[in-house]
Amino acid sequence: MSGTTTATKEAPVPAGAAAAGAEPATDVAAVGSRVKALREATGYSLRDLSERSGVSPTMLSQVERGATSPTLVVASKIAAGLDLSLSQLLRLDETPHVVVGRAGEHRLHERGGHRIEELTPPLPGLRAEVSAHELDPGSMTGTPGDAPMHEPGSRETAVVLEGTVVLAFGPEQYVLGPGDSVTFDADLPHHFENQSDEPTRFVAVIAAGLRRG
């Protein structure tokens, strides 16, 4: 994760115009919708991104709504707050591109013996997310009372790489060993458990917004 910086105030710039001596980044609406999609994909609030980028929440909101044309300086700060280059944020290269996630550069989360490594980058329009999970003995990804975390219509496929994992799906439990896989409706209550005495590892792919059928 990038270190946070102190947010500063920027004078708003009318859409389609630039501040004196500063060049507007690019198409206002396109930049705004892309910033919003990227911010939401990473789970950041406006204040989170403000702290990471040094751009005020007011300016970020205006950019996302297309009410302000960000200068290249402001756009560069926003890109840095999203862990992207300016070129990636503005999509200056219109040719197909490849995003490589190097080992050690993935976003990591940990909670109560459950470690998550997000393998897919926070790109707008991405309809599938891939993550690697590790569960310590006796730990789980959630509790029976947790609300579903994924949007309606989402489906998840998990593949066990090491150890034994139990999928608790409603009142049912499914025991999975190395090489086993399971696909289920991810918008319904569920969680994974490691009921064994050994660590376990699995990979999960979540496809969002699929139709039932």
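In the predicted model, Glu 193 is part of strand β8, which spans residues 190-193. Glu 193 is buried, but no salt bridge is formed by this residue. The nearest side chain of opposite charge belongs to Arg 111 and is 13 Å away, whereas a salt bridge requires a side-chain nitrogen of Lys or Arg within 4 Å of a carboxyl oxygen. A polar contact of 2.7 Å is instead found between the side chains of Glu 193 and His 191. When neighbours within four places in sequence are left aside, the residues in contact with Glu 193 are Leu 135, Ser 139, Met 140, Thr 164, Val 165, Val 166, Ala 168 and Gln 173.

The helices form a separate topic. Helix α3 covers residues 57-65, and its buried residues are Met 59, Leu 60, Gln 62, Val 63 and Glu 64. An α-helix has 3.6 residues a turn, so residues three or four places apart point the same way. Gly 66 follows α3 and has a positive phi, near 75°.

The axes of α2 and α4 come within 8 Å and cross at roughly 105°. The helix α2 is therefore roughly perpendicular to α4, as angles of 65 to 115 degrees are counted in this class.

Technical notes:
Residues are numbered from 1 along each chain as its sequence is written. This is a predicted model: local features need pLDDT of at least 70, side-chain atom pairs count only at pLDDT 80 or more; totals for chains, interfaces and linings use all residues. Side-chain values use heavy atoms; hydrogens and water are left out. Buried means under 20% relative accessible area, exposed over 50%, partly exposed in between (1.4 Å probe, protein chains only). Helices (H or I, at least four residues) and strands (E, at least two) are DSSP runs, numbered from the N terminus. Lys and Arg count as positive and Asp and Glu as negative; His and the chain ends are not counted. A polar contact is a pair of N or O atoms within 3.5 Å; within protein, one must be able to donate a hydrogen and the other to accept it, and residues adjacent in sequence count only if both atoms are side-chain atoms. Contact means heavy atoms within 4.5 Å. Axes are lines fitted to C-alpha atoms, for helices over the stretch in contact, and angles run from 0 to 180 degrees between N-to-C directions. Angles under 35 degrees count as roughly parallel, over 145 as roughly antiparallel, 65 to 115 as roughly perpendicular and the rest as oblique.
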